Amino acid sequence: MTRAPHSVSAENAAPIGFEKHDHKACVAQALATAEARCAAEGLRLTPVRRKVLELLLQKHRALGAYAILDLLRDAGFGSQPPVAYRALDFLTEHGFVHKIQRLNAFVACAHPSETHSPAFMICRLCDAVAEAHATSAKGALGPAAQAAGFHIEKTVVEAEGVCPACMDKADA
């Protein structure tokens with residue numbers, strides 16, 4: 001099954017990341033979406049930025065900056081950490097990539113053309129990551145924040161568990 005990253009509405013989006021799909025079509029569709037959005041918004045998707053996004057899309061898992069740097073070097077790009085960090089900063093700032101705090105790593109956004117509050121399910125055995133939409137940018141913290149006079153601008157939910165591929169290996 002092929003699922004285009006931009007074709008799922010925020011209200012009823014199923015998690016993307018653990019299901020079987022046409023991987024080549026998934027990567028091609030996501031890159032085309034990023035290129036079109038950059039062109040429409042006047043953003044520069046430089047060769048390094050595009051390659052970093054492509055690498056994250058190909059792996060379908062979270063990668064640390066140094067792993068990305070190694071892959072960039074193997075692909076003939078620069079080998080200095082700022083190369084990877086600048087590309088990741090751009091991709092994160094514009095919503096093409098998310099940072100997974102628990103892993104100190106990055107994953108390609110499954111919904112790059114939508115404004116959303118991501119929720120991540122991280123497999124504790126293989127570090128695979130699936131992305132879903134959180135119900136609201138304010139979630140359960142909304143009432144507490146309002147009572148404290150605090151305005152929530154962004155939330156990120158990260159849950160750790162076991163993915164379907166690792167279920168038989170789980171000792172739970």
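The legends below describe close-up views of a predicted model.

**View 1. The second largest cavity and its lining residues.** Two cavities of 30 Å³ or more are counted in the predicted model, and the second largest cavity holds about 40 Å³ of space. Its lining is made up of Ala30, Thr33, Ala34, Leu53, Leu57, Phe96, Cys109 and Pro112. Helix H1 (23-41) and helix H2 (47-59) are the elements that each give two or more residues to this lining, and H1 contributes the most, with three residues. Sorted by class, the residues that line the second largest cavity comprise seven nonpolar and one polar, while no charged residue takes part.

**View 2. The open sheet formed by three strands.** The strands follow the order S4-S3-S5, and their pairing is mixed. Strand S4 (129-133) and strand S5 (157-161) lie at the edges, where each has a single partner strand, so one side of each is left without a neighbour in the sheet. On average, and with direction ignored, neighbouring strands of this sheet are turned by 20° against each other.

**View 3. The pairing of strand S3 with strand S5.** Strand S3, which covers residues 118-123, pairs with S5 in the parallel sense, and five bridges are found between S3 and S5. In general, the strands of a sheet pair through backbone hydrogen bonds, in either a parallel or an antiparallel manner.

Methods. Residues are numbered from 1 along each chain as its sequence is written. This is a predicted model: local features need pLDDT of at least 70, side-chain atom pairs count only at pLDDT 80 or more; totals for chains, interfaces and linings use all residues. Side-chain values use heavy atoms; hydrogens and water are left out. On a 1 Å grid over the protein atoms alone, a cavity is a set of points where a 1.4 Å probe fits but cannot get out, and a pocket is an open set with protein on both sides within 12 Å along at least five of seven lines; lining residues have an atom within 4 Å of a point. Grid points are joined across faces, edges and corners, and a volume is the space filled by probe spheres set on the points. Helices (H or I, at least four residues) and strands (E, at least two) are DSSP runs, numbered from the N terminus. Ala, Val, Leu, Ile, Met, Phe, Trp, Tyr, Cys and Pro count as nonpolar, Asp, Glu, Lys and Arg as charged, and the others, Gly among them, as polar. Two strands pair if DSSP finds at least two bridges between them. Axes are lines fitted to C-alpha atoms, for helices over the stretch in contact, and angles run from 0 to 180 degrees between N-to-C directions.
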